[in-house]
Amino acid sequence: VTAGPVDVTVTTPGGTSAPSATQYTYIDESAIGSITPSSGPLGGNTPVTINGKGFMTPGPAATGVTFNGTSDTSFTVVSDTQITVTTPPGGTAGLAIVVVQKPSGNIMSSDTYTYVAAPTISNLSPNSGPSGGLTIVTINGTNFTNSTSVSFGSNPGSNVTFISENQIKVTTPASTLIGSLGPVNVTVATLGGSDTKTDGFTYIAAPSVSNISPNSGPLMGNQIVTITGTGLADVNKVTFGNKQAAINPGGTDTEITVITPLHA
C-alpha cells in the first residue's frame, strides 16, 4: 500500500469509463511525533524512544530505522505508536534525517533528533591554584554547547558558566583528598561526550614559614633576610608589616632571600 493519488474509473456491462478528471489521494497517516532523548553523541549508542503513529498499521509493521541513512544497532516495535532503538554513529553533527522503514511506505522526519559533537579542551587559564579551591578557571576549546559538568580529578567543579561554544568558566573544588596536591586531570562532559585534559590543573599547597634569619634589623630596612619554610618556589610577594619587601632571584621551594623595606 502506497500513499498518493490514484485514478477513479467506473465499470458497467457497457464498459469502463475513462479516468475521472479529479483523482483520489490516499494519505498515509503514519508519522514520527518525537524522539526521546532528542539528542546524543556523534558516536551513537544512545537508547532512544520514537513516538508517533502507524508503526504497525497498516501492516506489515516497521522493519527498521535509519539515522542519516545508517541503520540502527537495536530495534524493537513496542506498539503502533512507539519504537525503541539504539542510535548508530552519526557522521556529522546537527539534525539527522530519521526514517522508520515500512513495507507500505517509509516514515521520515528531519527535525526530531540532533547529533552533538564531543567537546575538546585546548587549555585552562589559570592552570594552577590553591588547595582550598575557589579559583575561577576559564577553559578554552570546542563544542562546549550543552556543557553539563566539569570535574577536577574526582571532584566536581561548581558554577559552570557557558560563555560560548569555545569557552566556559568554572570554580575549582577544594583538593580535599590525601595526596591530591599537584596536577589533576580536568574533564568536561556534554551531551556529545567528554574530553579530558591530562594534568590540566595543578593544586598548590599554601606556603609556610619556619624561620627568619636574622629576625631583627634597622628601621631603615635594606637588610638581607633569609626565609626558610615550604612552598616558597613560586613566591610573588613578601611583606614586613604592611610594607612589601624586594625578593632576590634564585630562591628554592624551601628558602628565599629578601631585602627588608623601610619600617612604616
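A residue counts as buried when its relative accessible area is under 20%. Keep that cut-off in mind, because Thr-66 has a relative accessibility of 8% and so lands in the buried group. What you're looking at is a predicted model, and its chain has 30 strands and 0 helices. The chain is also more spread out than a compact globule, because its radius of gyration is 34 Å, well over the 18 Å that the globule rule gives for 264 residues.

**The whole chain**

- Taken along the principal axes, the C-alpha atoms fill a box of roughly 130 × 35 × 25 Å.
- Buried residues make up 31% of the 264 in the chain.
- The chain exposes about 14600 Å², and 55% of that comes from carbon and sulfur atoms.
- Take the contacts with a separation of 6 or more: 51% of them are between residues 24 or more positions apart.

**How strands team up**

- Here's a bit of background: strands of a sheet pair through backbone hydrogen bonds, and the pairing can be parallel or antiparallel.
- E24 (residues 193-204) pairs with strand E17 (residues 128-130) in the parallel sense, over 3 bridges. Look for Ser-128, whose bridge partner in E24 is Thr-202.
- E24 also pairs with strand E23 (residues 182-190), but these two run antiparallel and are joined by 8 bridges. One spot to check is Thr-187, which has Thr-196 as its bridge partner in E24.
- To get from E23 to E24, the chain goes through a hairpin of 2 residues.

**An open sheet of 4 strands**

- The order here is E25-E26-E30-E29, and the pairing is antiparallel.
- Which strands stand at the edges? They are E25 (208-213) and E29 (246-247); each has a single partner strand, so one side of each is left without a neighbour in the sheet.
- E29 pairs with E30 (residues 255-259) in the antiparallel sense, over 2 bridges. Ala-246 has its bridge partner in E30, namely Ile-259.

- Thr-66 sits in strand E8 (residues 64-67). Leaving out residues up to four places away in sequence, Thr-66 touches Ser-71, Ile-97, Val-98, Val-99 and Gln-101.
- Val-160 belongs to strand E21 (residues 158-164). Is Val-160 buried or partly exposed? Its relative accessibility is 33%, so Val-160 counts as partly exposed.
- From Val-160 to Thr-148 is 12 residues in sequence and 8.1 Å in space, C-alpha to C-alpha.
- Val-6 is part of strand E1 (residues 4-6). With a relative accessibility of 32%, Val-6 counts as partly exposed.

Methods:
Residues numbered from 1 in each chain as written. Predicted model: local features only at pLDDT ≥ 70, side-chain atom pairs only at ≥ 80, totals over all residues. Heavy atoms only, no water. Buried < 20%, exposed > 50% of the residue type's maximum accessible area, 1.4 Å probe, protein only. Pairing = 2+ DSSP bridges. Contact = heavy atoms within 4.5 Å. Rg over C-alpha atoms; globule rule 2.2 N^0.38 Å. Areas by Shrake-Rupley, 256 points an atom, 1.4 Å probe, with all protein chains shown as cover.
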